[in-house]
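Let's walk through this structure together, starting at a loop and working towards the ligand and the core.

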Amino acid sequence: MTLIFGHRGSAGTMPENTMISFQEAIDAGADGIELDVHLTKDHIPVVIHDETLDRTTSGTGNVNSQLAEELVLLDASAEFPEFKGKAPIPLLEEVLEWAASGDSRFIVNIELKNNIIEYSGLEEKVIALVKKFDLDERVILSSFNHGSMVQALKIEPRIETALLYSDGIYKPNDYARRAGAKAIHPLLRTVKDELIRQSRESSVSVRPFTVNSDEDMKRLIEWETSAFFTDFPEKAVQIRKSL
Ligand code: G3P
Ligand code: CA
């Protein structure tokens, strides 16, 4: 079965990378959530997509120039103002505590946003939190920074890693296996049915992003793709049920 990951929670319907967005995805029946992590000025993993606060929050400036205690006071509903006051920026610790607390064993894909900014110690800090909540088997670490994923495996080989990419990679399945990664997370438009077939044979999972149209969802499910990321997990779950 093709698994459905709510991209930044349910980013098409809720303020992205917030607790209410993650809850929405899980309530809709998603098999997992995806979220993005940066480090604050005081080196605490915080859940937000951009390097800057401006697009999604009530703040401005760089995420890594503010303290965690300052960031958690900001509102992340800038793109969905109807949720103002209900969508603070979460720390990674808060999300993992929530994920560990329920009965549902959904997957948490933590994307390390260290492809533009180099965050020293990010892998160690994220892995320590994953272990704190005993989520080693339910977390997938991913990054466009493939060296970071190799580093993560050196720290804790039991936590699965995945390689993100937006342009073609030569023989991505072989490349992933050489890096010790269990999966590739390619940009949707780079994905052909041939890649899905080859991955199945090499046991490397393929999870394309970001899959929002009905047609693309149906196509990937019919190809028996491992999983995909979508801003509309509720719609994806309905489409999967209908096929
Ligand atoms: O992890 C899949 C996807 O989230 C990667 O791209 O820019 O949405 O973080 P982006
Ligand atoms: Ca992401």
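Threonine 210 sits in the loop that links β8 (205–206) to α8 (214–222); helices (H or I, at least four residues) and strands (E, at least two) are DSSP runs, numbered from the N terminus. The peptide bond between phenylalanine 209 and threonine 210 is cis, with omega about -20°. Most peptide bonds are trans.

A word on the source: this is a predicted model, in which local features need pLDDT of at least 70 and side-chain atom pairs count only at pLDDT 80 or more, while totals for chains, interfaces and linings use all residues. Residues are numbered from 1 along each chain as its sequence is written, and chains are lettered from A and ligands numbered from 1 in the order in which they are written.

Phe209 also belongs to the surroundings of ligand 1, together with His7, Glu34, Asp36, His49, Glu111, Ser142, Leu164, His185 and Phe229; a residue counts here if its C-beta atom, placed from the backbone, lies within 6 Å of the ligand.

Now to the largest nonpolar core, which has 59 residues; Val46, Val47, Leu92, Val126 and Leu141 touch the most other members. Such a core is a set of buried Ala, Val, Leu, Ile, Met, Phe, Trp, Tyr and Cys residues joined through C-beta atoms within 7 Å, where buried requires 20 or more other C-beta atoms within 10 Å of a residue's own, exposed 12 or fewer, and partly exposed lies in between, with C-beta atoms placed from the backbone. Helix α4 (residues 122–132) gives this core its largest share, five residues.

Past that helix, aspartate 134 lies in the loop between α4 and β5 (139–143). Its phi is positive, near 55°, and aspartate 134 counts as exposed because it has 10 C-beta neighbours inside 10 Å.
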